[in-house]
Amino acid sequence: MWDMLIRHAQVLTLSPGSPHERIADGALAVEAGRVAWVGPDAELPGERAARTELDAGGALLTPGLVDCHTHLVHAGHRAAEAELRLSGSSYQEIARTGGGIQRTVSATRAADEEALLAASRPRLRALLADGVTTVEVKSGYGLELATELRMLRVARRLGREAHVTVKTSLLAAHAVPPEFAGRPDAYLDFAIDELLPAATRERLADAADAYCEPIAFTPEQVARLFAAARRLGLPVKLHADQLSDQGGAALAARFGALSADHLEWASPAGVAALAAAGTVAVLLPGACFFLSGKRLPPVAALRAAGVPMAVATDANPGTSPLTSILAAMAMACTLFRLTPAEALEGTTRHAARALGLTDRGELRPGLRADLALWAADHPAELTTRIGLSPLTHRFVAGEVAREPAA
Ligand code: DI6
Ligand code: FE
């Protein structure tokens with residue numbers, strides 16, 4: 001006896017061999033939180049029944065969506081900076097004059113755990129309403145021990161109170177905090193000697209991340225942090241080549257990174273290195289949109305080299321105040337020229353791989369039954385509307401997901 005059976009759905013399996021396959025009248029069975037059977041409804045094994053059955057009435061069934069790059073735990077906002085940028089200041093200028101990341105660091109340091117949780121919940125709820133069943137959350141607005149760990153604890157708490165998997169990344173090298181102004185290497189010593197070990201000891205970090213830019217850290221500094229992370233057994237990810245070509249893609253590849261994110265300025269050599277290392281390219285169109293960025297990631301080269309492309313929100317208060325994964329997919333299509341099918345792979349299978357997860361992101365027997373059911377008739381409907389989620393059901397490990405309380 002199966003636990004649950006969904007019948008008469010248009011099933012998009014997102015399988016690697018046939019990622020764009022659509023089973024027109026499909027069925028999917030769940031047992032013990034995993035997909036037990038998927039295929040054409042007409043081929044359902046007659047002898048199997050299910051405790052609960054749902055007639056999808058032709059609705060679209062996909063894997064639950066994965067937002068593999070967010071900074072959704074933070075306090076405060078940066079609305080005034082958005083205004084400044086619209087009147088001509090650049091993101092880098094604002095950062096160099098004490099705004100930018102530092103502003104959010106001040107607000108986040110001042111917020112206790114409950115305040116941080118309360119500020120973050122609505123952002124998570126918005127993502128869940130878009131069918132997200134796995135979300136990555138970064139630290140990086142503490143840049144001191146207590147606040148970095150507090151951010152990660154809040155991320156873990158969000159994962160416990162809502163029906164969602166939260167994967168955390170310790171963004172240990174996001175900016176040089178004021179106490180270490182002009183002494184980035186001294187800050188890195190602290191990050192390596194205290195922050196990484198503490199987060200690892202408390203099992204608060206699933207990966208380590210860094211921001212490799214002239215306004216943040218050099219490739220040499222990032223390499224030092226990455227070497228320390230790898231010694232502790234933490235996989236790495238990198239904010240790479242967003243505002244300038246720092247050789248970030250090749251650096252990420254050299255450390256076998258799970259992902260290299262942004263990549264607007266990645267060179268052909270960087271793309272080749274990602275392909276060779278099997279590192280996922282995470283595209284963040286929200287940041288291009290909000291920064292009015294003219295430089296686009298080398299999508300055609302990534303595609304030609306066979307680099308898996310994920311799409312994420314980058315939900316952060318400075319460069320991408322975006323908490324809709326469906327809008328990120330729409331932007332990936334309109335701004336970056338991904339096909340709607342690529343955008344969907346980018347928030348399912350490839351996004352899961354960007355988090356090191358191979359147990360989700362596609363629909364096949366044995367994988368987690370993280371599912372999204374949509375009142376949509378065509379897959380491209382998911383990437384051609386902004387502001388109205390057609391989601392009707394989210395399933396997490398086979399259970400209908402409840403949403404967290406306000
Ligand atoms: N992700 C980041 O961490 C930085 N840019 C990005 O796309 C900075 C975020 C911020 O300004 O707060
Ligand atoms: Fe980011």
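Biologist: Buried means under 20% relative accessible area, exposed over 50% and partly exposed in between, with a 1.4 Å probe and protein chains only. Which is Ser 169, buried or exposed?

Modeller: Ser 169 is buried, as its relative accessible area is 2%. This is a predicted model, in which local features need pLDDT of at least 70, side-chain atom pairs count only at pLDDT 80 or more, and totals for chains, interfaces and linings use all residues. Residues are numbered from 1 along each chain as written, chains are lettered from A and ligands numbered from 1 in written order, and side-chain values use heavy atoms, without hydrogens and water.

Biologist: OK. Where does Ser 169 lie?

Modeller: Ser 169 belongs to strand S8, which covers residues 165–173. Strands (E, at least two residues) and helices (H or I, at least four) are DSSP runs, numbered from the N terminus.

Biologist: And what does Ser 169 touch?

Modeller: Leaving out residues up to four places away in sequence, Ser 169 touches Glu 136, Val 137, Lys 138, Ser 139, Leu 152, Ala 207, Asp 209 and Lys 237. A contact is heavy atoms within 4.5 Å.

Biologist: Switching to the metal. Which residues coordinate the iron ion?

Modeller: The iron ion, ligand 2, is coordinated by His 69, His 71 and His 239, each through NE2, and by Asp 314 through OD. The distances run from 2.1 to 2.3 Å. Donors are N, O and S atoms within 2.8 Å of the metal (3.2 Å for Na, K and Ca), and water is not among the atoms, so sites may look incomplete.

Biologist: How are those donor residues spaced in sequence?

Modeller: The spacing is H-x1-H-x167-H-x74-D. His 69 and Asp 314 are 245 residues apart, so this pair links distant parts of the chain. His 69 sits in the loop between strand S6 (65–67) and helix H1 (79–86). Asp 314 sits in the loop between strand S13 (309–311) and helix H12 (325–336).

Biologist: Are those two buried or exposed?

Modeller: His 69 counts as buried, at 0% relative accessibility. Asp 314 counts as buried as well, at 1%.

Biologist: Now the pockets. What lines the largest pocket?

Modeller: The largest pocket is lined by 20 residues, and Ala 287, Cys 288, Leu 291, Ser 292 and Gly 293 lie nearest its centre. H1, helix H2 (91–96) and helix H10 (285–290) each give two or more residues to this lining. H10 has the largest share, with 4 residues. On a 1 Å grid over the protein atoms alone, a pocket is an open set of points with protein on both sides within 12 Å along at least five of seven lines; in a cavity a 1.4 Å probe fits but cannot get out; lining residues have an atom within 4 Å of a point.

Biologist: Which residues are closest to the centre of the largest cavity?

Modeller: Of the 14 residues that line the largest cavity, Tyr 91, His 174, Tyr 211, Asn 316 and Thr 319 are the closest to its centre.

Biologist: Last topic, the whole chain. How many helices and strands are there?

Modeller: The chain has 14 helices and 16 strands. Its C-alpha atoms fill a box of roughly 70 × 45 × 45 Å, taken along the principal axes.

Biologist: What share of the residues count as buried?

Modeller: Of the 406 residues, 59% count as buried.

Biologist: And what about contacts between residues at least 6 apart in sequence?

Modeller: Among those contacts, 72% join residues at least 24 apart.
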